[in-house]
Amino acid sequence: MTPDLLTVILAGALLVMAVITPMMSPLFRRLHSTGSPTPAAPLPKVTVLLVSNGDHVALDEHLPVYLTQDYAPGYEVVVVTEKADVETENVLKRYSHDEKLYHTFVPESSRYMSKSKLAITLGVKAAKNEWVILTDPRCKPSGNHWIEAMAKLMTDESNMVLGYVNLAEEAKPYYRFERLHTALYLLRTAQSHRAYRTNCMHVSFRKSEFMRRNGFLEYLKYSIGEYDFLVNKFSEPGSTVVATDPDTWLQENPLSQKSWQNKQVYFHEVGKHLDGGLGVRLTRIIDQWALHLNNLLIVGCIVFAACTSRWILLGAALLALVLTFILRTLNGKKAFREFDVKVPAWKTFFYETGMARHAFLTRMRYEYADKDDFISHKV
């Protein structure tokens, strides 16, 4: 059977789209590896800043890992809690013998402002060292050389280091997938242009610059987004480093469905107050359009070919579907292996296709949310 011109054109378009569109994904694009460089200057002393979120169980579980880091230049761990958090105070008392540990409190009288941003500010003020590594007690280092791996990136030319945080294996596979998928967009932007925001609670910065530029002063009324505001305000092109060495990674405790959904919804509000980001948003939109146009073309050609008995076109459409699935699976397999994300690679195609639905549902949740929940009220 000799194919007609329409069949040839559609079959060619199908195969070209099937090969090209999988390349339009953050799982295909690679980060520039920073590895574990050997610094020319002595490594700095650092301060690890943990802002307690009331999860005293996580703090009790992970604090020993922070206090037993193998780091010769020296470091301190500053924990900031709310004054009335008795359980967290009891945890800190058990480790009070360690000279590296210092803790302070957010005053009970602190109202009408974000307590999390105030806690970070108090912790930075209490820090004795220039470099501060900010994270959350729900996160734990990958090993006892975590600080050393981070400190190697704290050079005279850098003012901020962005780290990656995996979700624990107990977390839902889609949550782990989404964490990496979004992080790759943001980290690649930080490497190639100017950092826009972060979806990982793992940011290192200079105390002097934070204090000189008044920290979170203009954002204190927002009860959310402290890591996003920090990166967006203090990141500078050429001086923001992305930590790609696995020794620099953290692992975050599993998120509940409500916590994960809230994180997605909160960004719709935070994003309104961040500078830049057009490039990230545009890239994500183009990637999603390419993905769904390819899928629609395949489905449309399958139906059209079956109705018009164009069996060559039907075969080309099925081949394009198989190619799309295989190439996106290979993208996922490589990225998951590189970042130690425990997600079955064969789910990549379905997860990427389903992201548009999740984005729509998140947008609807935001539209119907009480906008007062995003501010500290009465400001």
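Start at the largest cavity of this predicted model, which has a volume of about 50 Å³. To display its lining, select Met 24, Ser 25, Pro 26, His 181, Tyr 185, Asp 287, Gln 288, Leu 291, Arg 328 and Glu 352. Two elements, H6 and helix H10 (278–308), each give two or more residues to this lining. H10 supplies the largest share, three residues. Colour the lining by class and four residues come up as nonpolar, three as polar and three as charged.

Show helix H6 (residues 173–192) together with helix H12 (residues 348–367): they pack at an angle of about 80°, and their axes lie 11 Å apart. Because angles of 65 to 115 degrees count as roughly perpendicular, H6 is roughly perpendicular to H12. On the H6 side of the contact, select Pro 173, Tyr 174, Phe 177, Glu 178 and His 181; on the H12 side, select Thr 348, Tyr 351, Glu 352, Met 355 and His 358. By class, the contact of H6 with H12 holds five nonpolar, three polar and two charged residues.

Then move to the second largest cavity, with a volume of about 30 Å³. Its lining consists of Asn 159, Phe 205, Arg 206, Glu 209, Phe 210 and Phe 234. Strand S8 (202–206) and helix H7 (207–212) are the elements that give two or more residues here. Three of the lining residues are nonpolar, one is polar and two are charged.

The cavity stops end there: the count is two cavities of 30 Å³ or more.

Conventions. Residues are numbered from 1 along each chain as its sequence is written. This is a predicted model: local features need pLDDT of at least 70, side-chain atom pairs count only at pLDDT 80 or more; totals for chains, interfaces and linings use all residues. Side-chain values use heavy atoms; hydrogens and water are left out. Axes are lines fitted to C-alpha atoms, for helices over the stretch in contact, and angles run from 0 to 180 degrees between N-to-C directions. Helices (H or I, at least four residues) and strands (E, at least two) are DSSP runs, numbered from the N terminus. Angles under 35 degrees count as roughly parallel, over 145 as roughly antiparallel, 65 to 115 as roughly perpendicular and the rest as oblique. Contact means heavy atoms within 4.5 Å. Ala, Val, Leu, Ile, Met, Phe, Trp, Tyr, Cys and Pro count as nonpolar, Asp, Glu, Lys and Arg as charged, and the others, Gly among them, as polar. On a 1 Å grid over the protein atoms alone, a cavity is a set of points where a 1.4 Å probe fits but cannot get out, and a pocket is an open set with protein on both sides within 12 Å along at least five of seven lines; lining residues have an atom within 4 Å of a point. Grid points are joined across faces, edges and corners, and a volume is the space filled by probe spheres set on the points.
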